[in-house]
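Good morning, colleagues. Please take a moment to look at what is shown next.

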Amino acid sequence: MALSQERLGLYNPDKPMENRLTDLGPRHFWQYFPPVIQNNYGKWTHHEILEPGVLVHFSETGDKVFTVRCGGCRFMTVENVREICDIADKHCDGFVRFTTRNNIEFLVDTQDKMEALKKDLESRKHVSGSYKFPIGGTGAGLTNIVHTQGYIHCHTPATDASAMVKAVLDDLFDYFQGMTFPAQVRISMACCLNMCGAVHCSDIALLGYHRKPPIIDNEVLDNVCEIPLVIASCPTGAISPSKTEDGKKTVKIKNERCMFCGNCYTMCMALPLSDKEGDGVTILAGGKISNRISPPKFSKVVVPFLPNSFPRFPEVCRDVKKIVEAYAAGANKYERIGDWAERIGWEKFFEKCGLDFTEHLIDDYRLQYDTYRTSTQFKYTEAAWAVSKAAGGVE
Amino acid sequence: MAFEPREEQTKLKYQELRIYSDDELNNYTEDELKSFKIKHNIPDLDELEKGPWPSFVADAKREALRRHKLPEDRMMIKPEVVEDMLGQLQLSFDHGETHWKHGGIVGVFGYGGGVIGRYSDMQETFPSIAHFHTMRVNQPASKFYDTDYLRSICDLWEYRGSGMMNFHGSTGDIIFLGTFTEQLEPIFFELGHVLQQDLGGSGSNLRTPACCIGKARCEWSCYDTQDMCYELTHFYQDELHRPAFPYKFKFKFDGCPNGCVASIARADMSFIGTWRDEIRIDQSAVKAYMGGEIAPNGGAHAGKDWGKFDIQKEVIDLCPTNCMWMEGDTLKIDDKECTRCMHCINVMPQALWPGKDKGVSLLFGAKAPILEGAQMSVLTIPFMKVEHPYDNVKEVVEKVWDWWMEEGKNRERLGELIQRYGIPKFLDVLEIPPMPQMVKEPRSNPYIFWKEEDVEGGWDRSIDDYRSRHAR
């Protein structure tokens with residue numbers, strides 16, 4: 001059966017339930033494994049990274065599979081996917097896979113095919129010059145940045161995602177194509193605190209962030225929102241019921257209690273937060289997912305706010321670069337950014353990265369006590385001397 | 001070994017399914033693309049065509065040109081849809097604010113998820129994205145594809161949608177970005193009837209489960225991640241499509257503690273492969289690593305000169321439990337002390353492997369910060385054998401859901417509910433005893449919520465009896 005070519009295809013709006021197929025689930029994975037994967041399923045013995053972006057896995061059957069990993073954009077048109085198909089048809093018997101981090105992986109079963117594939121991928125560029133399929137993202141390097149929708153599709157973002165990711169990856173491109181770090185570096189980007197990208201355990205997280213309390217659309221609030229739900233949605237209890245001068249039911253907000261999470265806007269369209277000056281980016285660092293050596297960790301806020309400088313976010317790129325360069329220079333082999341920061345102490349992290357430590361970085365939310373340093377073990381940095389001076393302890 | 005789908009699936013053949021001819025798919029030249037200007041002025045986006053990283057703008061422009069040159073009746077959504085999306089994106093940069101309206105309840109009959117309604121708030125300026133609804137298409141486990149499938153999806157989405165997609169969304173679905181309400185049902189019918197392909201989850205339901213590459217191309221996977229992901233996705237189709245939960249619920253399947261799908265940070269129920277016997281060792285390969293014949297960590301550090309491999313410094317001293325040592329030139333591991341962090345295995349993939357007696361650890365409750373702060377999943381069931389059809393896992397799932405659906409507040413994730421009631425209550429729900437492995441350390445406050453039945457004589461006491469011994 002071909003795909004339909006009438007306006008409504010197989011759907012009959014007069015009988016919407018007729019022939020309705022539901023609950024089919026996803027298609028089965030096995031049919032999409034290339035033969036070398038089917039034949040060696042569960043039989044892989046080890047792997048090597050031949051060069052950045054190129055892996056070879058060895059099977060107990062004697063088979064090998066070569067993988068060429070390319071950075072991809074999460075946002076992709078059908079044009080791009082068709083080109084991926086052309087490559088897969090030409091080199092990979094019509095199979096291809098995508099990784100969790102928006103990379104594209106082409107698999108072949110011999111070294112010769114791999115070399116031809118690589119050459120082909122490297123030769124493909126957009127007419128305006130960027131690579132279509134840059135090879136890299138393996139080992140102790142930078143892999144692709146996972147991200148969220150941003151202004152392309154979302155109604156709550158505090159910044160744009162695709163643009164920032166493009167800017168940062170242009171800046172760090174050599175790290176994507178190299179393996180010069182002490183360990184892998186995972187950067188993730190989410191354009192608001194909802195974090196549909198779940199960036200909270202990344203080596204570096206870029207997070208869109210609002211800084212102005214919601215504006216109250218009194219005209220419509222009671223018509224479009226359930227006021228009790230709106231009140232309950234606020235984690236700090238900043239929202240309370242109110243009436244306008246002409247007696248309309250609405251809410252009022254204690255601005256000083258607002259932590260700009262945007263949960264009220266998620267519940268009620270009459271409370272928008274976004275604002276050109278208010279919105280921007282915070283940077284978090286030192287998180288990880290893997291259980292390797294140290295347990296998984298949350299990322300910590302290390303830069304409280306940077307402006308939304310569209311389209312290239314130079315301030316964000318600058319501070320990300322400061323972190324990765326200090327890390328690359330200072331960390332031991334196998335240390336992730338968070339492991340390194342913990343070993344040298346966070347005070348040294350700020351010193352080595354050249355990042356300012358401001359009061360915004362000291363937790364004052366509910367579990368703040370967990371972050372207090374209740375010890376006399378610390379290292380002296382300029383920030384420490386500034387405190388001693390201010391307190392009259394030293395000249 | 002091979003796996004069978006739950007229902008028979010016909011092989012999709014693009015040549016039989018296709019909508020567009022080869023001519024239509026080659027309807028512009030590179031020169032035309034170079035000189036092509038979209039209908040809106042987008043200086044900031046033009047800037048994002050520069051630089052080495054793949055430019056999403058450059059990609060969007062070629063799709064814009066393709067659509068521009070296709071006859072208008074060959075697409076159910078206006079040809080300018082890509083141009084209008086770029087135009088609105090530029091305007092969002094100018095204003096520092098998004099131009100998508102809040103919400104919009106649309107969907108397909110009988111489902112409460114899979115479609116996200118979206119409308120532009122600049123509909124007169126950008127009429128072709130007045131509606132810009134998203135559809136989530138449930139990806140095959142671990143995102144392997146053949147080109148017949150992908151090309152068919154592309155034709156469908158060129159014809160009935162914007163031609164713009166996410167490959168993939170954060171949760172794992174293929175995301176169709178932007179279509180009009182009228183086309184939602186037709187797309188759903190094409191997906192179901194022609195492609196035997198369903199939508200994924202959204203809203204307060206089971207979200208599309210996702211898994212790592214597993215045994216398909218990894219030597220460390222401790223169970224069949226794809227099969228388990230596939231089986232549970234199919235088994236819980238009702239929960240995936242018809243929102244009946246307090247909020248979203250995610251399953252993610254990691255084959256080993258390296259955690260490539262980040263289940264410990266993202267899933268309400270995190271399945272992480274592990275083993276309970278000894279790490280397998282090939283001592284001759286250990287020697288080869290020590291002798292510098294094999295690059296450590298599969299060659300992951302080849303971009304920098306880190307000096308000669310030193311097993312003491314790089315493996316033994318970094319072991320978090322100090323359970324490894326050398327006896328002469330033999331590597332010893334005290335497996336009873338091992339916490340299976342994977343470091344030694346990652347460093348010497350040709351010498352060490354997970355044991356043979358494998359299963360999963362189950363952890364619960366991860367979520368992003370909204371609302372009460374981010375949580376990672378808490379280790380709850382240390383080890384579970386998992387075999388198709390995973391009945392033991394389904395029993396656990398259903399206990400958890402019954403409790404959460406009964407007690408969970410609106411928009412309360414499982415992790416928050418566990419915190420509100422405490423782990424001891426969660427253990428009652430799961431009918432499992434406590435173990436020290438569930439916590440980093442025991443509590444340091446003595447505020448124990450004793451239950452009346454645990455205290456001799458109960459709580460019913462008489463003040464008169466008390467006063468008979470104690471003057472007021």
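First, some conventions. Residues are numbered from 1 along each chain as its sequence is written, and chains are lettered from A and ligands numbered from 1 in the order in which they are written. This is a predicted model, in which local features need pLDDT of at least 70, side-chain atom pairs count only at pLDDT 80 or more, and totals for chains, interfaces and linings use all residues, while side-chain values use heavy atoms, with hydrogens and water left out.

Let us begin with chain A. Chain A has twelve helices and twelve strands; helices (H or I, at least four residues) and strands (E, at least two) are DSSP runs, numbered from the N terminus. Along the principal axes, the C-alpha atoms of chain A fill a box of roughly 75 × 70 × 40 Å. Of its 395 residues, 57% count as buried. Here buried means under 20% relative accessible area, exposed means over 50%, and partly exposed lies in between, with a 1.4 Å probe and protein chains only. Among the contacts in chain A with a separation of 6 or more, 64% come from residues 24 or more positions apart, a contact being heavy atoms within 4.5 Å.

How many of the ten residues of helix H4 of chain A are buried? The answer is nine, so this helix, residues 162-171, is mostly covered. The buried residues of H4(A) include A:Met164, A:Lys166 and A:Asp170.

I turn now to helix packing. Two packed helices are described by the angle between their axes and the distance between the axes. The axes are lines fitted to C-alpha atoms, for helices over the stretch in contact, and angles run from 0 to 180 degrees between N-to-C directions.

Within chain A, helix H9 (residues 314-330) and helix H11 (residues 346-353) pack at about 110 degrees, with their axes 9 Å apart. H9(A) and H11(A) are therefore roughly perpendicular to each other. On this scale, angles under 35 degrees count as roughly parallel, over 145 as roughly antiparallel, 65 to 115 as roughly perpendicular and the rest as oblique. The crossing of H9(A) and H11(A) is right-handed; a crossing is right-handed if the near helix is turned clockwise from the far one by less than a right angle, and left-handed if anticlockwise. In this contact, A:Lys322, A:Ile323 and A:Ala326 of H9(A) meet A:Phe349, A:Lys352 and A:Cys353 of H11(A). By class, these are four nonpolar, no polar and two charged residues. Ala, Val, Leu, Ile, Met, Phe, Trp, Tyr, Cys and Pro count as nonpolar, Asp, Glu, Lys and Arg as charged, and the others, Gly among them, as polar.

A second pair joins two chains. Helix H2 (residues 78-91) of chain A and helix H7 (residues 147-160) of chain B have axes that come within 10 Å and cross at roughly 160 degrees. That makes H2(A) roughly antiparallel to H7(B). Their crossing is left-handed. Among the residues in contact are A:Arg82 and A:Cys85 of H2(A), and B:Cys154 and B:Asp155 of H7(B). The contact of H2(A) with H7(B) comprises seven nonpolar, one polar and six charged residues.

Finally, the salt bridges. Over all chains the structure holds 61, each being a side-chain nitrogen of Lys or Arg within 4 Å of a carboxyl oxygen of Asp or Glu. A:Glu79, A:Arg82, B:Glu63, B:Arg66, B:Arg67, B:Asp155 and B:Glu158 are linked in a network of such bridges.

With which residue does A:Lys118 form a salt bridge? Its partner is A:Glu115, with the closest N and O atoms 3.6 Å apart. Both lie in helix H3 (residues 111-123) of chain A, three residues apart, about one turn of the helix. A:Lys118 is buried at 10% relative accessible area, whereas A:Glu115 is partly exposed at 34%. Not counting residues up to four places away in sequence, A:Lys118 touches A:Glu51, A:Val54, A:Val68 and A:Ile135.

In chain B, B:Asp46 forms a salt bridge with B:Lys61, the closest N and O atoms being 2.8 Å apart. B:Asp46 lies in helix H4 (residues 43-47) and B:Lys61 in helix H5 (residues 56-69) of chain B, so the pair ties together parts 15 residues apart in sequence. B:Asp46 is partly exposed at 33% relative accessibility, and B:Lys61 is buried at 12%.
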